[in-house]
Amino acid sequence: MAQGLKKVAAAKKSAGSKKRKAIRAKTQISKGRRTCAPKGRKAAEARENVETTKAINAKNEVMGAARAVGAGDRFFLNEIKEHGTKELAKQYKARDKNEHKEKKLTERLTSQLKKLKGGER
């Protein structure tokens, strides 16, 4: 028998592989996004991640605006400037609240005694 005279047919595909290929083709999206949008639990997790990221970004933006306004430079973006001034005022208020507390035991006890006597409400 001479070499190369016989044509070899391609290997036949199994029924399972044909079925899997058909299912895969059905689930693939031809236009738009190349992946399926998550549903159910995965969608809820993705939504939570997005909300958390947005909250963190907003907080960081406000903190940056507070630093910029606090530095005393001229600031042109009014919306960010307002957020910065509010955040700066909030930080000052929190700091003052901690500074004006009674530090020593005797001061705390005397203030409590005044409250009990009705002198300070």
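This is a predicted model: local features need pLDDT of at least 70, side-chain atom pairs count only at pLDDT 80 or more; totals for chains, interfaces and linings use all residues.

Me: Which residues of H2 are buried?
Reply: Ala43, Ala65, Ala66 and Val69.

Me: What comes just after H2?
Reply: Glycine 72, which takes a positive phi of about 90°.

Me: Back to H3. Where is glutamate 87 found?
Reply: Glutamate 87 is in helix H3.

Me: Is glutamate 87 buried or exposed?
Reply: Buried. Its relative accessible area is 13%, and the cut-off for buried is under 20%.

Me: What does glutamate 87 touch?
Reply: Val62, Met63 and Ala66, leaving out residues up to four places away in sequence. Ala66 is also one of the buried residues of H2.

Me: Now alanine 15. Where does that one lie, and is it buried or exposed?
Reply: Alanine 15 lies in helix H1, residues 15–27. It counts as exposed, because its relative accessibility is 64% and exposed means over 50%.

Me: How far apart are alanine 15 and leucine 77?
Reply: Their C-alpha atoms are separated by 65 Å. Along the chain, the two are 62 residues apart.

Me: Let's zoom out. How many helices and strands are there?
Reply: Four helices and zero strands. Read along the sequence, the pattern is α-α-α-α.

Me: Is the chain spread out or a compact globule?
Reply: The chain is more spread out than a compact globule, because its radius of gyration is 35 Å, well over the 14 Å that the globule rule gives for 121 residues. Along the principal axes, the C-alpha trace spans about 115 × 45 × 30 Å.

Me: What share of the residues counts as buried?
Reply: 7% of the 121 residues in the protein chain.

Me: And the surface, what does that come to?
Reply: The accessible surface of the protein chain is about 11,800 Å². Carbon and sulfur atoms hold 55% of that surface.

Me: Last topic, charge. How many positive and negative side chains are there?
Reply: The protein chain has 35 positive and 13 negative side chains. The centres of those two sets lie 21 Å apart.

Notes
Residues are numbered from 1 along each chain as its sequence is written. Side-chain values use heavy atoms; hydrogens and water are left out. Buried means under 20% relative accessible area, exposed over 50%, partly exposed in between (1.4 Å probe, protein chains only). Helices (H or I, at least four residues) and strands (E, at least two) are DSSP runs, numbered from the N terminus. The radius of gyration is taken over C-alpha atoms; the globule rule is 2.2 Å times the number of residues to the power 0.38. Accessible areas come from the Shrake-Rupley method with a 1.4 Å probe; for residues, only the protein chains shown count as cover. Lys and Arg count as positive and Asp and Glu as negative; His and the chain ends are not counted. The place of a charge is taken as NZ of Lys, CZ of Arg, CG of Asp or CD of Glu. Contact means heavy atoms within 4.5 Å.
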